[in-house]
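Thanks, everyone. Let me walk you through one model, helices and then sheet.

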Amino acid sequence: MGLNLNDKKAVVAEVSAQVAKAQTIVVAEYRGIEVAHLTVLRKKARESGVYLRVLKNTLVRRAVADTAFAGLADHMVGPLIYSVSADPVAAAKVLNDFAKTNDKLVLKAGSYAGKVLDKAAVQALASIPSRDELLAKLLGVMKAPVSGFAVAMGALAKKREAEGAAA
C-alpha cells in the first residue's frame, strides 16, 4: 500500500531533520535479509545513536536535495537501507560490522563532509575509532604519567618505611 501525499511529506520532513544534524550517511542494499537479522541491525544502530531506516529512494532524494549529501542521490537505486548519524563514523561502523557477519547486506555508498564515498571508502571510514574510543585513549595517555608518579611515590614510601623499621 502506497503512502498518501501527507505521509510522504511527513517522511521527507523526518528525514530532512535527521540529515540536518548528520555528518555521515551510508546506504546499503538489504535484499534477502531476514526480518530477525534486520531487527538485530536496528538494535545495534539504536545503541550507537544511528538513525537506520528503509525508505523510498525518491523521498530521500527530496530530503537531501540542496544539502551536502545531494551527491549521494546518484547511488539511490534499488532496495536500500539508510544509515544516518551525527557521529562521523557511527553510521559506517554499524553497517560495515553487520555486513561482515551477513553477506546479504551490501554496502553501496556513503557521504561524509560533502564527499561521496564508494564501498572501500565507507569501509575505511568504519575502521576509524569512534569519538568515544579516541577520548578514552587520550584519557589513558594523560593518566599514565600521573599514575606512574603515584606508583613511584608509593614505592619510595615503602622503601623509607622498610629502612626506618630496620634501623
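**Helix pair, then sheet**

Helix α1 (residues 5-20) packs against helix α3 (residues 57-64) at an angle of about 50°, and their axes are 8 Å apart. Before I go on: this is a predicted model, where local features need pLDDT of at least 70, side-chain atom pairs count only at pLDDT 80 or more, and totals for chains, interfaces and linings use all residues. Numbering starts from 1 along each chain as its sequence is written, and side-chain values use heavy atoms, with hydrogens and water left out.

Helices (H or I, at least four residues) and strands (E, at least two) are DSSP runs, numbered from the N terminus. Axes are lines fitted to C-alpha atoms, for helices over the stretch in contact, and angles run from 0 to 180 degrees between N-to-C directions.

So α1 and α3 are oblique to each other. Oblique is what remains after under 35 degrees (roughly parallel), over 145 (roughly antiparallel) and 65 to 115 (roughly perpendicular). Their crossing is right-handed, meaning the near helix is turned clockwise from the far one by less than a right angle.

Who touches whom? On α1, K8, V11, V12, V15, S16 and V19 meet L59, R62, A63 and V64 of α3. Contact means heavy atoms within 4.5 Å. The residues of this contact divide into 7 nonpolar, 1 polar and 2 charged. Nonpolar covers Ala, Val, Leu, Ile, Met, Phe, Trp, Tyr, Cys and Pro; charged is Asp, Glu, Lys and Arg; the others, Gly among them, are polar.

Now the sheet. It is open, with 5 strands in the order β2-β3-β1-β4-β5, and the pairing is antiparallel. Pairing takes at least two DSSP bridges between two strands. β2 and β5 (115-117) are at the edges with a single partner strand each, so one side of each has no neighbour in the sheet. The twist averages 15° from one strand to the next. Helix α2 (residues 35-48) packs on the sheet and touches β2 and β3; its direction makes about 150° with that of β2.

Look at strand β3 (residues 80-85). 6 of its 6 residues are buried, so β3 is largely enclosed by the rest of the structure. Buried means under 20% relative accessible area, with a 1.4 Å probe and protein chains only. In a regular strand, side chains alternate between the two faces of the sheet. Here L80, Y82 and V84 point one way, and I81, S83 and S85 the other.

Strand β1 (residues 24-29) joins β3 through 6 bridges, antiparallel. I25 sits opposite V84 there. Strand β2 (residues 51-54) pairs with β3 over 4 bridges, also antiparallel. L52 has S83 as its bridge partner.

Conventions: Buried < 20%, exposed > 50% of the residue type's maximum accessible area, 1.4 Å probe, protein only.
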